[in-house]
Amino acid sequence: MPDEMSPNDPRNLWQGQEVEKVILTVDEVQRRASRFERRVRNRNLREYIAGALVIVLSANQIVTRLHGWRMTPPVLIILGTIYVMFQLHRRGSARSLPGDVGLRGSIEFHRLELERQRDALRGVWHWYLLPFAPGLVATLVMAGIARGINARLVGVGVMFVLIFVGVVALNNWGARKLDRKIEELKIMETDDA
Amino acid sequence: MSLQDELFQRAVEEYGAALGRLARGYEADPDKRRDLQQEIQLALWRSFEGFHGRCSLRTWVYRVAHNTAISWATQQKRSRPQMLVSLEELDAMPVPPDVDRRLALDRLTHLVQRLEPRDRQVILAYLEGMDAAAIGELTGLSPGNAATKVHRIKNLLARYLNEGTAHAG
């Protein structure tokens, strides 16, 4: 066991080190807090504008060029976009740190952070990618009906499937890695050994 | 000045240096370390809105600081992956021989920065002078687990620092 009083005691060594003291004033910290909130609002706004643009372009196709069953792809894309925008709004990705940051022990907090990341990885495909799938499939089917099935169309279809499967597989792989860490932290929280 | 502002000012005055050391434990790059310190202070100011004296100021400040630093570390790890190890793995590794007494602090800092966040918060709390009970309160570890960790940390530090300096001497 180390000698607690020796000058080479790690606690003395650590606490006696020179560190650069960065101290924000109250005014500064308030300014930064509002800047952060503004940045988050702007980011959300950009996402809504992008969604609105997709909706307007698809609606324009419906109104000006398409009739009957040919309207199916843009209608599905509009519905998918509305669903994704609703999910973005509901999930409020604007988060920095949860409000109970000072109430939770740091092991539990760490576990909850990892669980949040894992759930985001596992869940993103079904609320961010899947809603667009019906619209894309319908677009390919319509193109096949209108111009016949050719190698290019098949290639595009295969590419969509590969991208989709690849994203899901990668996310699941990342989630499984996080699962292992989460289990270790759970053991630390409960194990008295 | 609001109570939130007052608490924030008191916290940075009393614990500013400790927060600087904590940031050093989580971030090796000096510029990013400055960012992390600012991030911690921002989180502290925000957190004081819900403080309501629910624990000691020290425990609150350390919890918020560690939790913010953990979020930081996990984000940084995604963008800049590096090999982190647990206390047990580090304990099983041979001590590098080429250490000078003057480099003891660098060695200590390097050791802290190599640890997984879950072990890093324990060693940082120990180095800041907390006992096993306080570490348990800060981290949420059970008292027995916290005491075991502290015991292991003491042995690991003694081995790393004393073997290194003995070799240099």
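Modeller: Chain B has 8 helices and 0 strands, where helices are DSSP runs of H or I with at least four residues, strands are E runs of at least two, and numbering goes from the N terminus. From that end on, the pattern of elements is α-α-α-α-α-α-α-α. Bear in mind that this is a predicted model: local features need pLDDT of at least 70 and side-chain atom pairs count only at pLDDT 80 or more, while totals for chains, interfaces and linings use all residues. For bookkeeping, residues are numbered from 1 along each chain as its sequence is written, with chains lettered from A and ligands numbered from 1 in the order in which they are written.

Let's zoom in on helix 6 of chain B, residues 117-127. Of its 11 residues, 11 are buried, so the helix is largely enclosed by the rest of the structure. Buried here requires 20 or more other C-beta atoms within 10 Å of the residue's own; 12 or fewer makes a residue exposed, anything in between is partly exposed, and C-beta atoms are placed from the backbone. The buried residues include Arg118(B), Asp119(B) and Arg120(B) as well as Val122(B), Ile123(B) and Leu124(B). For the chain as a whole, 44% of the 169 residues of chain B count as buried.

Just after helix 6 of chain B comes Gly129(B), with a positive phi of about 100°. Then there is helix 7 of chain B, residues 132-139, whose axis comes within 10 Å of that of helix 6 and crosses it at roughly 135°. Axes are lines fitted to C-alpha atoms, for helices over the stretch in contact, and angles run from 0 to 180 degrees between N-to-C directions. Helix 6 and helix 7 of chain B are therefore oblique to each other, since under 35 degrees would be roughly parallel, over 145 roughly antiparallel and 65 to 115 roughly perpendicular, with oblique for the rest.

Who touches whom there? On the helix 6 side of chain B you'll find Gln121(B), Val122(B), Ala125(B) and Tyr126(B), and they meet Ile135(B), Leu138(B) and Thr139(B) of helix 7. By class, this contact between helix 6 and helix 7 of chain B has 5 nonpolar, 2 polar and no charged residues. Nonpolar covers Ala, Val, Leu, Ile, Met, Phe, Trp, Tyr, Cys and Pro, charged covers Asp, Glu, Lys and Arg, and polar takes the others, Gly among them.

Beyond its neighbours within four places in sequence, Tyr126(B) is in contact with Ile135(B), Val150(B) and Ile153(B), contact being C-beta atoms, placed from the backbone, within 7 Å. Along with Leu44(B), Ala69(B) and Ile135(B), Tyr126(B) touches the most other members of the largest nonpolar core, which has 53 residues. Such a core is a set of buried Ala, Val, Leu, Ile, Met, Phe, Trp, Tyr and Cys residues joined through C-beta atoms within 7 Å.

Now for the partner chain. In total, 51 residues of chain B are in contact with 38 residues of chain A. Helix 6 is one of the elements of chain B giving two or more residues to that side, as are helix 7 and helix 8 (143-168). The chain B side divides into 20 nonpolar, 22 polar and 9 charged residues.

Note on methods. Contact = placed C-beta atoms within 7 Å.
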